[in-house]
Amino acid sequence: MKLKFKNAKTWSYIVGSIKNIIDEGVFTATSEGLSLRALDSSRVVMVDLFYPKEAFDEYDVSGEETVGVSFDVFSKILARGQSDETLELQSSGDSLTVAFEGHGRREFKIPQISMSVEKLPEPRISFSVTAKMMNAVFVDSIRAIEEVSDSVTFSATNDGKLYLIGAGDVEKVELELSIDNQSLIEINVDSPDKATYSVEYFDDMIKAARGADQVTIQYAQDSPAKVQFDYEGGGRLVFYVSPRVE
């Protein structure tokens with residue numbers, strides 16, 4: 001397997017965020033593109049990544065190939081890449097070569113991890129609220145909520161507003177953020193539901209948001225939330241987060 005991607009920093013953001021949630025995982029490369037689907041150890045969050053082959057400058061894959069990595073190690077190497085550098089990934093035997101080109105050429109070789117791939121189906125969830133926003137709106141909102149609360153409640157209204165609500169248990173500080181139509185790219189509310197989640201998982205996603213074009217949040221009462229980050233070239237990183245049970 002040999003892949004080349006023009007913006008190395010994008011993968012630093014993606015893998016840096018995945019690393020916060022899962023320790024190890026297996027990428028699968030097929031004729032369609034590169035994918036990863038895995039659950040965290042607590043089985044609260046599912047990570048679902050897909051990048052179409054058209055998004056790569058070079059995509060050389062024979063049949064179906066898998067690459068197992070430690071995300072802590074992989075993230076540390078990818079953090080060395082810059083936005084004006086090309087990222088090259090090449091698997092050979094039991095190792096993965098990670099190379100950056102643009103300021104000369106730098107190569108790093110990391111061991112592959114042998115592990116089985118858990119075949120996880122894509123969750124089928126009926127969402128009552130869908131809200132699309134720029135990445136900065138998502139990042140600023142989550143950072144504000146985590147300052148006062150260990151949970152975040154999403155609440156939508158029929159007039160097109162999305163509220164993010166957090167309340168501290170100790171200081172009794174409450175924060176309610178209103179994201180209106182001017183800050184949202186699009187919002188669709190079938191039912192003005194509320195749903196609460198642990199904010200730590202959304203904080204883990206912030207790094208992924210930095211490289212994304214936009215963020216889409218979908219949820220329904222007492223259902224997992226779907227948070228999708230869309231990237232240049234058609235790539236997408238999705239997190240499914242189980243609701244918080246009080």
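Start by selecting Asp-140, which sits in helix H3, spanning residues 135-146. Keep in mind as you look around that this is a predicted model. Is Asp-140 buried or exposed? With a relative accessible area of 53%, Asp-140 is exposed, because the cut-off for that word is over 50%. Along the chain Ile-206 and Asp-140 are 66 residues apart, and their C-alpha atoms are separated by 9.3 Å.

Next, select two helices: H1, residues 8-19, and H2, residues 71-78. Their axes come within 9 Å and cross at roughly 155°. Angles over 145 degrees count as roughly antiparallel, so that is how H1 and H2 run relative to each other. The crossing of this pair is left-handed.

Which residues make the contact? On the H1 side, show Trp-11, Ser-12, Val-15, Gly-16, Ile-18 and Lys-19. On the H2 side, show Phe-71, Asp-72, Phe-74, Ser-75 and Leu-78. Coloured by class, the contact of H1 with H2 gives you 6 nonpolar, 3 polar and 2 charged residues.

Trp-11 is among the residues with the most contacts inside the largest nonpolar core, together with Phe-138, Leu-162, Phe-202 and Phe-229. That core has 73 residues. In soluble globular proteins, nonpolar side chains tend to be buried together.

For the last stop, pick Leu-162 and display what surrounds it. Leaving aside residues up to four places away in sequence, Leu-162 touches Ala-131, Met-133, Phe-154, Ser-155, Ala-156, Leu-177, Ser-178, Ile-179, Leu-184, Ile-187 and Tyr-219.

Conventions. Residues numbered from 1 in each chain as written. Predicted model: local features only at pLDDT ≥ 70, side-chain atom pairs only at ≥ 80, totals over all residues. Heavy atoms only, no water. Axes fitted to C-alpha atoms, helices over the stretch in contact; angles between N-to-C directions. Helix = DSSP H or I, 4+ residues; strand = E, 2+ residues; numbered from the N terminus. Parallel < 35°, antiparallel > 145°, perpendicular 65-115°, else oblique. Left-handed = near helix turned anticlockwise from the far one by under 90°. Contact = heavy atoms within 4.5 Å. Nonpolar A, V, L, I, M, F, W, Y, C, P; charged D, E, K, R; others polar. Core = buried A, V, L, I, M, F, W, Y, C linked by side-chain atoms within 4.5 Å. Buried < 20%, exposed > 50% of the residue type's maximum accessible area, 1.4 Å probe, protein only.
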